[in-house]
Amino acid sequence: MSHTLGVREAQKQQTRQALLDAGLRLLENQSLSSLGLRAVTREVGVAPAGFYRHFRDMSDLGVALVGESLSSLHAMIQAILAEQDDAGEVIARSVRLMARHVHEHRPHFRFIARERHGGVTAVREAIAAEMAQFAEEVATALAAQPISAGWRTEDVRMLAELYVDRMLMTAIAFMEAPADDPAAAERIERTARKELFLIHLGRRHWLAAQEDGSAPQG
């Protein structure tokens with residue numbers, strides 16, 4: 001009996017993943033709000049009724065795609081923040097890793113870029129929640145670093161949001177660049193390194209600016 005249940009569960013998970021993969025393929029050239037359930041089930045070869053064994057509706061499938069698209073970034077970001085090398089080296093390595101990650105998951109980032117401001121509320125909210133979670137994880141890691149000694153919690157969170165926003169914008173830029181144009185990718189990488197290093201420089205001088213009154217108070 002347990003073997004039979006295990007086989008059924010594996011088949012169920014396989015069908016669920018097939019629906020997610022089909023949805024991602026079909027979303028390459030259209031938004032989620034314009035994609036019909038029957039198109040997804042037809043792509044997989046299951047009856048429309050079978051869709052509801054896995055998802056409540058198309059927005060539910062979209063939310064699942066958000067998790068699939070962004071979950072792999074968590075481990076990568078945590079590994080980057082754990083590094084203790086020179087800031088310039090860490091930034092350069094981070095941008096290279098992001099470029100490779102986007103190259104390997106281009107359809108997922110295309111989906112996030114389109115749906116971040118798309119017409120499906122549940123998906124927009126799921127993306128916003130994921131980004132907030134990223135910012136929280138980054139803030140926790142930044143707060144533990146010696147350079148953050150004396151920082152207020154809200155300022156560390158602000159810094160984390162700056163890093164997360166820049167990394168997401170960089171990921172989208174890599175995704176939108178022509179895959180056969182190395183020069184475009186190099187320009188994006190160069191710009192991203194400069195932007196992130198500028199944020200780092202601001203971080204180094206933030207406390208001094210607070211003490212002499214030149215930083216905005218809030």
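User: In which helix does Phe197 lie?

Analyst: This is a predicted model, and the helices are numbered from the N terminus. Phe197 lies in helix α9.

User: Is Phe197 buried or exposed, or does it fall in between?

Analyst: Buried means under 20% relative accessible area, and exposed means over 50%. Phe197 has a relative accessible area of 33%, so this residue counts as partly exposed.

User: How many salt bridges does the structure hold?

Analyst: Side chains of opposite charge can pair when their charged atoms come close. A pair counts here if the nitrogen and the carboxyl oxygen are within 4 Å. The number of salt bridges in the structure is ten.

User: Which helices are linked by the salt bridge of Arg157 and Glu136?

Analyst: The two side chains meet with N to O at 2.4 Å. Arg157 is in residues 153–176 and Glu136 is in residues 121–143, so the pair, 21 residues apart, links distant parts of the chain. The helices are α8 for Arg157 and α7 for Glu136.

User: What is the N to O distance in the salt bridge between Asp165 and Arg166?

Analyst: Asp165 is partly exposed because its relative accessibility is 32%, and Arg166 is partly exposed because its relative accessible area is 24%. Their side chains meet in a salt bridge, with an N to O distance of 3.7 Å.

User: Where does Glu195 lie, and how far apart are the closest N and O atoms in its salt bridge with Arg166?

Analyst: Glu195 is in helix α9 (residues 182–212) and Arg166 is in helix α8, 29 residues apart, and the pair links distant parts of the chain. Glu195 is partly exposed because its relative accessibility is 27%. The closest N and O atoms are apart by 3.3 Å.

User: Which residues are linked with Arg166 in a network of salt bridges?

Analyst: Arg166 forms salt bridges with Asp165 and with Glu195. The network links Arg166 with Asp165, Glu195 and Arg116.

Key
Residues are numbered from 1 along each chain as its sequence is written. This is a predicted model: local features need pLDDT of at least 70, side-chain atom pairs count only at pLDDT 80 or more; totals for chains, interfaces and linings use all residues. Side-chain values use heavy atoms; hydrogens and water are left out. Helices (H or I, at least four residues) and strands (E, at least two) are DSSP runs, numbered from the N terminus. Buried means under 20% relative accessible area, exposed over 50%, partly exposed in between (1.4 Å probe, protein chains only).
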